[in-house]
Amino acid sequence: MRDVLDRLVAEQVWELARERLRTKYDAAGKKTTFVHLINNLGSVGGPSNAEIANVLEMTEDSVKQEKTKMRRQLKECFYQEVALEFPNPLGQKQEIEQEVLYLRGLLYSPFFEIRSLDC
């Protein structure tokens, strides 16, 4: 039962991280870029980089670079969301990193639906 509850927490943190990143992209005037890339960060399924590049009027290399940047930023947002749960984030970096790894592991768990985090 605890695994199921922890998995729900992991999914909630994941959604909060995505929302945090969406807000950043919106503020930078890149809402369309976010919409087309956020669900295509994985290596399986979805439109190709060339198709995304065509829609966004970017080069394929620019799409690849933006995906890499988005994955990194999403990791950072996930970390920031987890850190909010700690009373002294600066002094508890190791504990936060352990929690991040634990929650990400739940999102990748073969016992649950596989997520395309790829980050």
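1. Helices (H or I, at least four residues) and strands (E, at least two) are DSSP runs, numbered from the N terminus. On that basis the protein chain has five helices and zero strands. Read along the sequence, its pattern is α-α-α-α-α.

2. This is a predicted model, in which local features need pLDDT of at least 70, side-chain atom pairs count only at pLDDT 80 or more, and totals for chains, interfaces and linings use all residues. Residues are numbered from 1 along each chain as its sequence is written, and side-chain values use heavy atoms, with hydrogens and water left out.

3. On the chain as a whole: of the 119 residues, 36% are buried. Here buried means under 20% relative accessible area, exposed means over 50%, and partly exposed is in between (1.4 Å probe, protein chains only). A contact means heavy atoms within 4.5 Å. Among contacts between residues at least 6 apart in sequence, 58% join residues at least 24 apart.

4. Helix α1 has 26 residues, and from its first C-alpha to its last it reaches 37 Å, close to the 38 Å expected at 1.5 Å a residue. The expected span of a helix is 1.5 Å times one less than its number of residues. Just after α1, Gly 29 takes a positive phi of about 75°.

5. Which residues of α1 are buried? They are Asp 6, Arg 7, Ala 10, Val 13, Trp 14, Ala 17, Arg 18, Leu 21 and Tyr 25. The cover over these buried residues includes α2 (31-37), α4 and α5.

6. Arg 22 also belongs to helix α1. With a relative accessibility of 28%, Arg 22 counts as partly exposed. Arg 22 and Ile 38 are 16 residues apart in sequence, and their C-alpha atoms are 8.8 Å apart in space.

7. In α3, the buried residues are Asn 49, Ile 52, Ala 53 and Leu 56. Seen down the axis of α3, they fall within an arc of 100°, so they line one face of the helix. The arc is that of the directions from the helix axis to the C-beta atoms. These buried residues of α3 pack against α2 and α4.

8. How do α3 and α4 meet, and at what angle? Helix α3 (residues 49-56) packs against helix α4 (residues 60-83) at an angle of about 100°, and the axes are 8 Å apart. That makes α3 roughly perpendicular to α4. Axes are lines fitted to C-alpha atoms, for helices over the stretch in contact, and angles run from 0 to 180 degrees between N-to-C directions. Angles under 35 degrees count as roughly parallel, over 145 as roughly antiparallel, 65 to 115 as roughly perpendicular and the rest as oblique.

9. The residues at this contact are Asn 49, Ala 50, Ile 52 and Ala 53 in α3, which meet Glu 60, Val 63, Lys 64 and Lys 67 in α4. By class, the contact of α3 with α4 has four nonpolar, one polar and three charged residues. Ala, Val, Leu, Ile, Met, Phe, Trp, Tyr, Cys and Pro count as nonpolar, Asp, Glu, Lys and Arg as charged, and the others, Gly among them, as polar.

10. Glu 57 lies in the loop between α3 and α4. The phi of Glu 57 is near 55°, a positive value in a residue other than glycine. Glu 57 is exposed, with a relative accessible area of 72%.

11. Ser 62 is in helix α4. Its relative accessibility is 27%, so Ser 62 counts as partly exposed. Ser 62 and Asn 49 are 13 residues apart along the chain, and 9.3 Å separates their C-alpha atoms.

12. Gln 92 lies in the loop between α4 and α5. Is Gln 92 buried or exposed? At 18% relative accessibility, Gln 92 counts as buried. Leaving aside neighbours within four places in sequence, Gln 92 is in contact with Phe 86 and Pro 87.

13. The 16 residues of helix α5 (residues 93-108) should span 22 Å at 1.5 Å a residue, and the end C-alpha atoms are 23 Å apart, which agrees. The buried residues of α5 are Ile 96, Val 100, Leu 103, Arg 104, Leu 106 and Leu 107. They cover an arc of only 150° around the axis, which puts them on the same side of α5. What covers them includes α1 (2-27) and α4. The face of α5 turned away from its buried side carries the exposed residues Gln 94 and Leu 101.
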